[in-house]
Every structure is written in structure tokens, then in C-alpha cells.
Amino acid sequence: MFEKFTDEARAVVVGAIGQAERAGAASVDDGHVLLALLALLDESLDDEQGAAPGAGASTGESAGKGVGRPVVGRAAFALRALGAADRRTSIERALAEARRRGGLSRADTQALADLGVDVDEIVSRVEEAHGVGALAGAGTLAGGGVGAGAGAGAGRRGWRQRLGRVPFGRDAKEVLVKSLRLATARHDRSIGGQHLLLSLCVRPGVVSEILADHGVTYANLERVLYGEAA
């Protein structure tokens, strides 16, 4: 699957592993993928002319071959077009706060509140006893995912050998699989950073909530990337 990725998408996958390693996480989750996508904005600072990079509108291919640096492609362009560069600090703060709550989505928090459970109070009590951020490593940001099927171990070892020591968690794997399906549905020849970004937006959970709160929705991405009405 990795061989189908554009340079930008490869940079995101490798960057997500780096994010997980720096955080001391046991596995890569969808939040790490989002942080890696946001890191592309650093690479796009010199490209503010407003034109989408490359000629890959229909193929999903990245523009230009960078040497020793991530390729700035359509995901970075879309994020900048939707104002994510200006809201990056807010997005990262919201993601950190979601981790502090143990990865609970807004829907999860509301459901617990309906049952009389005050999540903020629980977080405060846990942090009083175990320190700030004690719940940050609990669960996944997507709020769980589909169980791994047969052969998952072999697939995990393959990804480790190719990409690094930190394995991809279930939700992050689902992002990769969904990105493949999105690319296939559009008859794109490769999986680009834009497909990873679209995948994050279409999956229910904390990451899609945070992106939507900051104006990055599936519909808005389709409009920016493909000129389709929101």
C-alpha cells in the first residue's frame, strides 16, 4: 500500500510516526496523523501564490520532487486555503485538550453528562492524584475502532519494518484504509496527502470534530480540492 503513496502522503505517514515517538506514545493514532498534516504548513510557507501545486487535480499526485524534505502537495494547499494555517495553534490546543480528557469526543462527553457523569470533574480528580495529563494516553482519539482481523500481526510487522518502531494503532490504520478507498472512488492513481486529510474528516470522532470546528470539513475540502459545491 505504501508504494501507492505520493511523496506528500509518505511525509505525513513518516511524520505521524515521529509525532508518536516524540510524545512517547505506544502507537500512532489519528491525532498524530493530523499533527503531521499540520506540519506540512511549515513547508508551504514559501508557496503563498494561491495556486494549487502540481497538475495532480485528477490523479492525486504531488507536485515537484523535493530532496531531503517533505513535498508540498494538495493537502498543504487545502489546509492553507481553508485557513488552517492561521488556526493551527487552536487546532493543536484542541487536540491536546482532547487527549487530556482521554480521547473522549464531544458526543461521548455529552452522553456521559446525560448519565450524570461530569467528565471535567473526573479528569480533575485523576490529575490531582496522578498528575496533569494522566489520561492523555488512555484509548484512542477516534474513540475506538474496528477490531483487527486475521493477519493483523503480519501487517503490523510489515509496517514496522517499513516505517519505524512505533506501530500504527487501529484508528490510524483505518485512516490509511479509508484514504485508499477515497482515492479509488475518484479513480486517482495514487494516495495523496489530500486523501489522508479527507479520511480524517469523514471518520466520526475527536479529530473530525476538531477539524470541523476550525472550518476543515469534508464538504469544504471537496470544494477546494475538486471545485465541487459544498
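**View 1. H214 and the residues around it.** Setting aside neighbours within four places in sequence, H214 is in contact with L82, R87, S90, I91 and A94 (contact means heavy atoms within 4.5 Å). Before we go on: this is a predicted model, where local features need pLDDT of at least 70 and side-chain atom pairs count only at pLDDT 80 or more, while totals for chains, interfaces and linings use all residues. Residues are numbered from 1 along each chain as its sequence is written, and side-chain values use heavy atoms, with hydrogens and water left out. Back to H214: you'll find this residue in the loop between α10 and α11 (218-226). Helices here are DSSP runs (H or I, at least four residues), as are strands (E, at least two), numbered from the N terminus. H214 is buried, with a relative accessible area of 10%; buried means under 20%, exposed over 50%, and partly exposed in between (1.4 Å probe, protein chains only). A polar atom of the H214 side chain lies 2.8 Å from the backbone oxygen of I210.

**View 2. R99 and D29 meet in a salt bridge.** Their side chains come to 2.8 Å, N to O. R99 sits in helix α4 (residues 88-100) and D29 in the loop between α1 (7-23) and α2 (30-43), so this pair ties together parts that are 70 residues apart in sequence. Both R99 and D29 are buried. What counts as a salt bridge here? The rule asks for a side-chain nitrogen of Lys or Arg within 4 Å of a carboxyl oxygen of Asp or Glu. By this rule, the count comes to six salt bridges.

**View 3. E92 and R88 pair up within helix α4.** The side chains of E92 and R88 form a salt bridge at 3.0 Å, N to O. E92 and R88 are four residues apart in the helix, so about one helical turn separates them. Are these two residues buried or partly exposed? E92 is partly exposed, at 28% relative accessible area, whereas R88 counts as buried, at 18%.

**View 4. R203 and E174 form a salt bridge.** The closest N and O atoms of this pair are 2.6 Å apart. Here, too, distant parts of the chain are linked: R203 is in the loop between α9 (193-202) and α10 (206-213), and E174 is in helix α8 (residues 170-185), 29 residues apart. R203 is buried, with a relative accessible area of 11%, while E174 counts as partly exposed at 22%. Which residues make up the network of salt bridges? D30 joins E174 and R203 in it.

Technical notes. A polar contact is a pair of N or O atoms within 3.5 Å; within protein, one must be able to donate a hydrogen and the other to accept it, and residues adjacent in sequence count only if both atoms are side-chain atoms.
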